[in-house]
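Please go through the structure below with a few local features in mind.

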Amino acid sequence: MNHPLELTVMMYHYIRDKGDEAEAGSGIAGMPVKLFEKQLDDLARQYRFVTWPQVRMALQGQNPLPISACLLTFDDGVLDHYINVFKILQSRKLSGLFFALGRCENEGLTLAHKIHFLLAELGLPGLRNAIWEKLNVAQRQQFTQAEKHYQLKYPPISLDKRINLLKAVLQRDLSAEVDPLLSDLFEMHVGSEQETARNYYLNGKQIREMAAGGMHFGGHSRSHPWFDWINAEARTSEIKASADWLQQFESGPWAFAYPYGGLSEDSPGILKRHGFVAAFTTQTQLRHLDPYFIGRLDAEEMAQDGRIYG
Ligand SMILES: [Zn+2]
């Protein structure tokens with residue numbers, strides 16, 4: 001990249017109202033639809049919205065972005081994006097870049113989403129106990145050690161921090177061990193995991209409709225692991241799965257968003273080899289020096305405290 005890219009990138013996840021089809025009684029909160037619309041109004045006053053193809057052209061040195069450019073991005077390919085976001089963006093003649101998981105039909109939920117549902121159902125101590133009971137001695141030792149390790153990063157001073165602490169243990173150190181355990185707990189406390197997954201993620205028909213309506217899609221891996229936790233072989237296979245999946249919906253070269261914002265030094269090279277020209281992080285940044293480390297702003301956090309970055 002010859003010049004740093006000046007671009008405000010908004011990062012969204014769930015956009016839903018209690019009781020709507022996306023929330024579906026899960027108890028998993030997101031950004032209320034009205035608040036999302038208000039934030040778009042606020043952004044429209046300060047920024048010029050751009051599309052993924054515009055950003056791609058700028059990165060390839062073909063056409064610079066307008067000043068105060070803003071790109072809207074949405075992670076995880078959840079139903080919220082079809083039933084709530086798509087309509088709103090289309091009515092405003094805007095486009096979004098959607099980082100969906102390269103999943104196969106009939107796959108269950110990702111580890112992260114199983115944790116979301118179970119936390120809503122069991123609460124933090126309930127989930128921790130339910131998992132603990134199912135671990136063997138060696139796994140309990142590993143669990144305790146990992147907890148100790150993350151206590152520095154997530155000092156348990158608030159409920160949110162304590163939740164992040166448990167998530168880090170489950171999503172990283174014990175991910176392989178707890179993945180099947182969480183599926184068992186899901187069936188026991190929530191219901192059919194496959195049925196839930198079918199209604200939870202965007203399906204091919206919805207994605208095609210969104211693409212035909214001016215939306216764009218990017219990669220976000222297949223199973224949503226921390227890239228700094230898994231090995232290079234696993235990173236390659238996750239990125240390849242994204243490329244294979246994207247072929248059906250979006251003409252390349254593509255964009256990628258690192259799951260959980262997890263970074264590893266070899267990711268840009270692997271992404272490049274698989275047809276990706278840009279990758280987005282979760283780090284707050286408005287000027288970007290490397291196309292494979294484009295920072296984003298957490299839109300939900302900003303909406304909660306009524307902030308707009310300028
Ligand atoms: Zn994600």
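## Zinc site

His220 is buried, and so is His224. Buried means under 20% relative accessible area, exposed means over 50%, and partly exposed lies in between (1.4 Å probe, protein chains only). This is a predicted model: local features need pLDDT of at least 70, side-chain atom pairs count only at pLDDT 80 or more, and totals for chains, interfaces and linings use all residues. Residues are numbered from 1 along each chain as its sequence is written, and side-chain values use heavy atoms, with hydrogens and water left out.

Which residues hold the zinc ion as protein donors? They are Asp76 (OD), His220 (NE2) and His224 (NE2), at 2.1 to 2.2 Å from the ion. Donors are N, O and S atoms within 2.8 Å of the metal (3.2 Å for Na, K and Ca); water is not among the atoms, so sites may look incomplete. The sequence spacing of the donor residues is D-x143-H-x3-H.

His224 sits in the loop between β6 (216-219) and α10. Helices (H or I, at least four residues) and strands (E, at least two) are DSSP runs, numbered from the N terminus. The relative accessible area of His224 is 8%, so this residue is buried. Its phi is positive, about 65 degrees, although His224 is not a glycine.

## Largest pocket

The largest pocket has a volume of about 1,600 Å³. Of its 38 lining residues, the closest to the centre are His13, His116, Asn164, Lys167 and Asp298. The search runs on a 1 Å grid over the protein atoms alone: a pocket is an open set of points where a 1.4 Å probe fits, with protein on both sides within 12 Å along at least five of seven lines, and lining residues have an atom within 4 Å of a point. Grid points are joined across faces, edges and corners, and the volume is the space filled by probe spheres set on the points.

Which elements each supply at least two lining residues? They are α4 (111-134), α6 (159-173), β10 (297-298) and α12 (299-304). Helix α6 gives the largest share, six residues. By type, the lining has 16 nonpolar, 13 polar and nine charged residues. Ala, Val, Leu, Ile, Met, Phe, Trp, Tyr, Cys and Pro count as nonpolar, Asp, Glu, Lys and Arg as charged, and the others, Gly among them, as polar.

Val169 also belongs to helix α6. This residue is buried, with a relative accessible area of 0%.

## Helix α5

Helix α5 (residues 137-150) has 14 residues and should span 20 Å at 1.5 Å a residue; its end C-alpha atoms are 20 Å apart, which agrees. The expected span is 1.5 Å times one less than the number of residues.

Buried in α5 are Gln139, Phe143, Ala146, Glu147 and Tyr150. They cover an arc of only 105 degrees around the axis, so they lie on the same side of α5. The arc is that of the directions from the helix axis to the C-beta atoms. Val137, Ala138, Gln141, Gln145, Lys148 and His149 are exposed on the other side.

## Loops and backbone

Asn136 lies in the loop between α4 and α5. Its relative accessible area is 41%, which means partly exposed.

Lys93 is in the loop between α3 (80-91) and β5 (97-100). Its phi is near 55 degrees, positive in a residue other than glycine. At 76% relative accessibility, Lys93 is exposed. The peptide bond from Gly252 to Pro253 is cis, with omega near -10 degrees. Pro253 lies in the loop between α10 (232-246) and β7 (254-257).
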